[in-house]
Amino acid sequence: MTDEDEESDPGFRLDRTAWGMVETADETVESVSVADLRAELARDGPGPVLVDIRDIREVWIEGSIPDAEHAPRGMIEFWADPGTEYYKPFFDPGNRYVLYCNEGGRSALAARDLRAMGYHDVAHLDGGFTAWQAADAPTVDVPQKDYKGR
């Protein structure tokens, strides 16, 4: 352990770490590469529903993949459940979904949770939006909304 590690060590150990949970989720959900997702999106017929699960501020700052829906990680289970007041109609268990976040951690966890809910055709983008940008894949700006009614 380095001095830097000791400074950030809170003095306790978790039973499971966030990245350990991501690693476990990655074993049970499909990961797609940027190249595979681009090929899937280019096919004729309905493609997957892309779901950007990053915080809206990340989306405003960095942009998004064209035509992606936005469902923040903290609300995705509620937005995907038609039994809640938060349900969003772009969620339907009959569709294919590819989720993404910044680097792939949050999207792996969210994909795992959607599968547990009964969404069977769910994958996440390996490397997330960072990998998408690094591959010079297309992005769109997402303007910040004024929530004050102006």
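Guide: Helix α6 covers residues 105–117, and its 13 residues reach 19 Å from the first C-alpha to the last, close to the expected 18 Å, where the expected span is 1.5 Å times one less than the number of residues. Helices here are DSSP runs of H or I with at least four residues, strands are runs of E with at least two, and both are numbered from the N terminus. This is a predicted model, in which local features need pLDDT of at least 70 and side-chain atom pairs count only at pLDDT 80 or more, while totals for chains, interfaces and linings use all residues. Residues are numbered from 1 along each chain as its sequence is written, and side-chain values use heavy atoms, with hydrogens and water left out.

Within α6, the buried residues are Gly-105, Ser-107, Ala-108, Leu-109, Ala-110, Ala-111, Asp-113 and Leu-114; buried means under 20% relative accessible area, exposed over 50%, and partly exposed in between, with a 1.4 Å probe and protein chains only. An α-helix has 3.6 residues a turn, so residues three or four places apart point the same way. The buried residues of α6 pack against α2 (18–28), α5 (76–79), β4 and β5. After the helix comes Gly-118, whose phi is positive, near 115°.

Leu-114 deserves attention of its own: leaving aside neighbours within four places in sequence, Leu-114 is in contact (heavy atoms within 4.5 Å) with Ile-76, Ala-80, Phe-91, Leu-99, Tyr-119 and Val-122. Leu-114 is also listed, with Val-51, Ile-76, Phe-91, Tyr-97 and Leu-99, among the residues with the most contacts inside the largest nonpolar core, which has 18 residues. Such a core is a set of buried Ala, Val, Leu, Ile, Met, Phe, Trp, Tyr and Cys residues joined through side-chain atoms within 4.5 Å. At least two residues of this core come from each of β2 (49–52), α5, β4 and α6, and the largest share, three residues, is supplied by α6. Apart from this core lies another, of 12 residues, which includes Leu-50, Tyr-100, Leu-125 and Trp-132.

The two strands that α6 packs against, β4 and β5, belong to an open sheet of five strands in the order β1-β5-β4-β2-β3, with parallel pairing; two strands pair if DSSP finds at least two bridges between them. The edge strands, each pairing on one side only, are β1 (30–32) and β3. Three bridges join β4 (residues 97–100) to β5 (residues 122–125), and Tyr-97 has Val-122 as its bridge partner in β5.

Arg-96 sits in the loop between α5 and β4, and it counts as buried because its relative accessibility is 16%. The side chain of Arg-96 makes polar contacts with the side chains of Glu-40 (2.3 Å) and Asp-121 (2.6 Å), a polar contact being a pair of N or O atoms within 3.5 Å; within protein, one must be able to donate a hydrogen and the other to accept it, and residues adjacent in sequence count only if both atoms are side-chain atoms. Beyond neighbours within four places in sequence, the contacts of Arg-96 also include Glu-30, Val-32, Pro-48, Val-49 and Ala-123.
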